[in-house]
Amino acid sequence: GQIRPRRPARDDLRQRRTAAAQLSWTGTAIRFALPLPLAAAFFFRAVDGLIFEPALNEAGLPPHALLGLIMATWVSLSLLSVSRPSVALALAATALGTLKQRVDGGVLKPPAVSPTAPVVALVTGASSGIGREVAAELARQGHTVVMGCRSAARCSAARVEILARLDVPGSRLVIPPDAALDLARLSTAARFASATGEATGGAAIELLVLNAGFVPLGSGGSGRSGESGLEEGLYAMYYGHQALVRGLASLHLLGPSATAVVVSSDAMRFGGFDGSLETGSGEGDLAGEVTAGCALPGPLPCAPLCWPAAAPGVSNLVESPLVPATGWSFGAYARAKLSGVLLAKEMLARGLVARSTSVHPGVVNTAIQRRDRDLPTTLAALPPLSLPVSIAEWEELLPSVGARLTDALERYALPLFMRDAATAAAVVLRAAVGPTHPTGRAAELGVHYFNGMGEAVGDASLTLRDEARLERLSGRLWELADAAREARAEKGGSGE
């Protein structure tokens, strides 16, 4: 029979060339992406002490220019990585290491809070993370620290750990008996204030560190307080702390020279408020109808920020190189942290304390980043998803695989992106005693904000978008919190 001719050799050559080109493009993409994890870590750390650094911002390098320089530098490193990956990775690691040393190394030593005489301090969220380290440092300096915690058991465990670590007298760490401080229940704030007075013999509190906080569940913060029905992040972090301050002031427990520090976050630069908070009783967004939402569900149940949702009524109050002026919601966490800045401002404006500041403690590796370790429970609470395994299978896998993976990430990966709680505590204490910015519109309005290196920032680093609205919202939030506290008092604290 007739022999069928073979396919032309050029077809085989074309196929080989196509396969080679695909492999080449894949290899190029992989090499281009090699520096990107270090770039992400660099950006996190740059927020703590580069992008919003007063010395640079006031010298003519505003935040958006620094952000542009950072992005251009890392794109250049990725392009270099295509041809010389080892050189690019070496430069990337050097850049990240240098920044980490500059940002964290400069704040390792906490300042003396009161060099002349011991004072009484109160720290909320003192059972873990930044709060525990602030309490430990104050006790080490010889001060008496009232520990405010939601869980009495965890508070006691933290106290035992601090005393064992520092070998200081137990009298320096005080836990008011039978008075857990649950900021999601306003009535506990009044009881805690009263118990604090009894535990300290009525001694005046000279330092108030309002640190307690959490990342609202579901990245957009769709959860609501069981007591009030309001969005849980704003209710606990603003309403709860405001009720505590009111309780202490009513019992004359705030000293005439008292200092208040609110632990906020640079996430507040993404925060905004809906116009409904300025009218009536605030209906329209107090329950998170607008600012709790996300355009897309975040991949992490605890992500502080989410993909922004269109929200025409929302207005951001602080200038940010990444956030448009109006019309976008970045979730409940950003709004709650912005409310902390307003809380600090309002305490000072109403004469409740002699000095009041707010601070970005840095991106910190604490329990606030791990609120939802129980992945099966988290997944069950989310909308229906197409999962490769069932919830029951997750429960079997987590103890062996998930725990090991989490521990490995915390030990090796997270330190690249985050600082430890002790360094963050030093930043918080710098905000307690460091000089505030002497000039600028923010300072004139009573907004004294410290960056992640414990430096007071001026207008070049903290530009306000709408001063009149900031003033209105600051007073309005305080009034709404007062009304909620009084309503709870009239009901006798029912609903707990």
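Tutor: Start with pairing: two strands pair if DSSP finds at least two bridges between them. Helices (H or I, at least four residues) and strands (E, at least two) are DSSP runs, numbered from the N terminus. As for the ground rules, this is a predicted model, where local features need pLDDT of at least 70 and side-chain atom pairs count only at pLDDT 80 or more, while totals for chains, interfaces and linings use all residues. Residues are numbered from 1 along each chain as its sequence is written, and side-chain values use heavy atoms, with hydrogens and water left out.

Student: How do you know that β4 and β5 pair?
Tutor: Five bridges join β4 to β5, and the rule asks for at least two, so they count as paired. The two run parallel, and V209 stands opposite V261 in β5.

Student: What about β2 and β3, how many bridges do they have?
Tutor: Two bridges, in the parallel sense, link β2 (residues 144-148) to β3, and at least two is what the definition requires. V146 stands opposite V174 in β3.

Student: Why are β3 and β10 called edge strands?
Tutor: Each of β3 (173-174) and β10 (449-450) pairs on one side only. The open sheet has seven strands in the order β3-β2-β1-β4-β5-β9-β10, with parallel pairing. Strands of a sheet pair through backbone hydrogen bonds, either parallel or antiparallel.

Student: Why is β5 described as largely enclosed?
Tutor: Because eight of its ten residues are buried, β5 is largely enclosed by the rest of the structure. Buried means under 20% relative accessible area, exposed over 50%, and partly exposed in between (1.4 Å probe, protein chains only).

Student: What makes C149 and C155 a disulfide?
Tutor: Their sulfur atoms are 2.2 Å apart, and a disulfide is a pair of cysteine sulfur atoms within 2.5 Å, so the pair qualifies. The count by this rule comes to one. With 50° about the S-S bond, the link is right-handed, and both C149 and C155 are buried.

Student: What goes into the largest nonpolar core, and which residues touch the most other members?
Tutor: A nonpolar core is a set of buried Ala, Val, Leu, Ile, Met, Phe, Trp, Tyr and Cys residues joined through side-chain atoms within 4.5 Å. The largest one holds 59 residues, and Y239, L248 and M347 touch the most other members. Its largest share, nine residues, comes from α9.

Student: Which residues does Y239 touch?
Tutor: Contact means heavy atoms within 4.5 Å. Leaving aside residues up to four places away in sequence, Y239 touches L186, L230, L234, L286, L480, A481 and A484. A second, separate core has 54 residues, including L77 and V364.
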